[in-house]
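Look at the sequence and the picture before reading on.

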Amino acid sequence: MEAARDEAIARGDLTIPHASELPAVRIERPARAEHGDFATNAAMQLAPMAGMAPMRIAAALVAAVHLPEAMASAEVAPPGFINLRLEPGWVADQVAEMLDAGSAYGRVPVLRPRSVNVEFVSANPTGPLTLGNARGAFVGDLLCRVLEAVGHRVTREYYFNDFNAQVRNLGLSVLARRKDEPIPEDGYHGAYVADLAANLPDETWAAATAPGADPGEVLGRWASERVRAGIEESLQRLGVRFDVWTSEGSLYRERWVDRAIEQLRTAGDVYEKDGATWFRSSRLGDDKDRVVYRSNGQPTYFASDIGYLAQKFSRGFDELIYLWGEDHHGTVARNRAAAQALGFDPQSVHWLLMAWVRFVRDGTEIGMSKRAGEFVTLDELLAEIGPDAARWFFGSRATTTGIDFDIELAKRQSNENPVYYVQYAHARCRSILRNATDRGVEPSTEQARDLLRHPAEQALIRELLRLPDVISDAAARRETHEVPKYCLEVANLFSQFYRDCRVLTDDPDEGRFSAARLALVDAVRLVLANSLGTLGISAPETM
RNA sequence: GCGCCGGUAGCUCAGUGGAUAGAGCGUUGGCCUCCGGAGCCAAAGGCCGCAGGUUCGAAUCCUGUCCGGCGCGCCA
């Protein structure tokens, strides 16, 4: 199209005064089928500088354009759009291309694959994962899958505290349970604390109660590791796995924190005031400076963050992604400042914030407090609605959108969940393919160009052609919710095709289409399997 | 008070300056001789929170305002 523009200018059909800067021609996919497969607003964008009516410019562009083989036509539409249509035979031929690509179809590698660290969930190991952690677990996993689909090397990382006050409180809660004393005020009241106390090994108990021992520390360390292992198992049940588990304590043992802060001090970004040590984050966009060492000498949580940034970058990642709840958004500015002050490209660190999930049961909000012991666990959610439906639910929403999650509603709707509609379409493809094998019918794309001309077939293939764009966009935007939408669209168009185009038949007249349509069914199966796979959702043979 | 994120159909949510604003669920009405009815078709349902502005064109960008969530610690 840009070539057409230049040619139109050369021919004198289009005059742009004093070689103005020409905007790049943008091609989009129109919302309506009658507007073609692609469209561009180039003529309307050129109109002000050319001083010509958009319709006339569009006509000049169309006259000058050399359509590639895949394109059937370019038409002008008011108020100045140019609509492009794909050649139906080319469209039909793409079924063979998709089947050749197989499981790689839709996975278009980016130009520059990066090594990306994605940190998510990172809940403190002071209790089982709750519904509150569900969104982070699914969104993070989906994000990793999408990034991997376009060729990035992804490390999934979980960061947890193993020595702070919360862990100590957990230890003291276990102690109280064990001794049948009241749980401390800041302690944890959930039933799992009693389980921990009951399963305490004798040697741990002995170590905790030995003379001079710190029971809170000893029991906290033991209990938090046990809880952490339980979290890992829960996540595995969700289909979420992590490559690296990093403890806050290791950042101190390996001296990442003090070395990073010394580096900042050398650079003049750290100073002492009121007995505390401060990082000059206000110099780099934060509202105010932040304490890294308290006046009692203890590091703040932010100090750990700084050390962690240095530790992660030392491992050679090109990009760091933090997936946080939006309640942490106030800490982003200081972390960004720290990354910059440490000499890292701020463009290579991203903090993605997820809006809060409001959990309601029949209209009233329910709290999620580990400390009070009032929560629904992730395992309970899974038992109620299943991992596929849960993945679909959280994967279908933009991360910036607040969600109202009604557990009763989710249970009731789990049977009507759109995910089953998509899985059903996949199972139906499989069923048709099985029936074909029984009848001895083989899929073939040999005559597809001539045979796959039905509107339902053409619409379906054109949708299948979108998969690479959908995956690439999701990875570039770091938002996955377009993928479930796309699955739904494919399943819907497949149903229409299934209604209008008989695949297997005893009718000899209709039978000549069988092999080509079977290949199309196979392509639909492939696209559904690949896109569901990107979501971590199963693509069943039967339902 | 200041900052960040939201406000779109009855509900839950898409919508990356373009053409008549969409989907799922729910509601209403149709469709089972035939490859899987967990399906298909149709209908009803919208001052895109409100008011200005920018633009040939605004749900989208800017300003103001209202409502909701979150954050503003030597907590994490």
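This is a predicted model: local features need pLDDT of at least 70, side-chain atom pairs count only at pLDDT 80 or more; totals for chains, interfaces and linings use all residues.

A polar contact is a pair of N or O atoms within 3.5 Å.

## Around the RNA

Start with RNA strand B. It is surrounded by 61 residues. The closest are Arg294, Arg397, Tyr421, Arg428 and Tyr498.

Which part of the RNA strand B atoms within 4 Å of the protein belongs to sugar or phosphate? The share is 61%, and the rest belong to bases.

Tyrosine 421 has a side-chain N or O atom 2.5 Å from a phosphate oxygen of RNA strand B. For glutamine 496, a side-chain N or O atom is 3.4 Å from a phosphate oxygen of RNA strand B.

Several elements give two or more residues to the surface near RNA strand B: strand E4 (81-86), strand E15 (403-406), helix H17 (418-439) and helix H21 (482-500). The largest share comes from H17, with nine residues. By class, this surface holds 21 nonpolar, 23 polar and 17 charged residues.

Now turn to the open spaces in the protein. Rolling a probe the size of a water molecule over the atoms shows where empty space is left.

| Pocket | Volume | Lining residues | Nearest the centre |
|---|---|---|---|
| Largest pocket | about 1,000 Å³ | 37 residues | Ala123, Asn133, Asp327, His328 and Trp356 |
| Second largest pocket | about 540 Å³ | 17 residues | Pro30, Gly36, Asp37, Arg462 and Glu463 |

Which elements each supply at least two residues of the lining of the largest pocket? They are helix H5 (131-149), helix H12 (301-314), strand E11 (319-325) and strand E13 (357-361). The lining of the largest pocket divides into 17 nonpolar, 13 polar and seven charged residues.

The second largest pocket draws at least two lining residues each from E4 and helix H19 (455-464). H19 gives the largest share of that lining, three residues. Its lining has nine nonpolar residues, one polar residue and seven charged residues.

## Cysteines without partners

How many disulfides does the model have? The count is zero. Two sulfurs must lie within 2.5 Å of each other to count as a disulfide.

Take cysteine 144. Its closest cysteine sulfur is in cysteine 487, 19 Å away, so the two are too far apart for a bond. Cysteine 144 is buried, with a relative accessible area of 0%.

Cysteine 429 is in no disulfide either. Its nearest cysteine sulfur is again that of cysteine 487, 12 Å away. Cysteine 429 counts as buried too, because its relative accessibility is 0%.

## Backbone details

Some details lie in the chain itself. The peptide bond from proline 78 to proline 79 is cis, with omega near 5°. Proline 79 sits in the loop between strand E3 (71-77) and E4.

Aspartate 274 has a positive phi, near 55°, and is not a glycine. It lies in the loop between strand E8 (270-273) and strand E9 (276-279). Is aspartate 274 buried or exposed? Aspartate 274 is exposed, because its relative accessible area is 66%, and the cut-off for exposed is over 50%.

Arginine 478 also has a positive phi, about 55°, although it is not a glycine. This residue is in the loop between helix H20 (467-477) and H21. Arginine 478 is buried, with a relative accessible area of 19%. Buried means under 20%, so 19% qualifies.

## One contact inside a helix

Finish with glutamine 94, which is found in helix H4 (residues 88-101). A polar atom of the glutamine 94 side chain lies 3.0 Å from the backbone oxygen of tryptophan 90. Glutamine 94 is buried, because its relative accessible area is 13%.

Methods:
Residues are numbered from 1 along each chain as its sequence is written. Chains are lettered from A and ligands numbered from 1 in the order in which they are written. Side-chain values use heavy atoms; hydrogens and water are left out. A residue is near a molecule or strand if one of its heavy atoms lies within 4 Å of it. A polar contact is a pair of N or O atoms within 3.5 Å; within protein, one must be able to donate a hydrogen and the other to accept it, and residues adjacent in sequence count only if both atoms are side-chain atoms. Helices (H or I, at least four residues) and strands (E, at least two) are DSSP runs, numbered from the N terminus. Ala, Val, Leu, Ile, Met, Phe, Trp, Tyr, Cys and Pro count as nonpolar, Asp, Glu, Lys and Arg as charged, and the others, Gly among them, as polar. Buried means under 20% relative accessible area, exposed over 50%, partly exposed in between (1.4 Å probe, protein chains only). On a 1 Å grid over the protein atoms alone, a cavity is a set of points where a 1.4 Å probe fits but cannot get out, and a pocket is an open set with protein on both sides within 12 Å along at least five of seven lines; lining residues have an atom within 4 Å of a point. Grid points are joined across faces, edges and corners, and a volume is the space filled by probe spheres set on the points.
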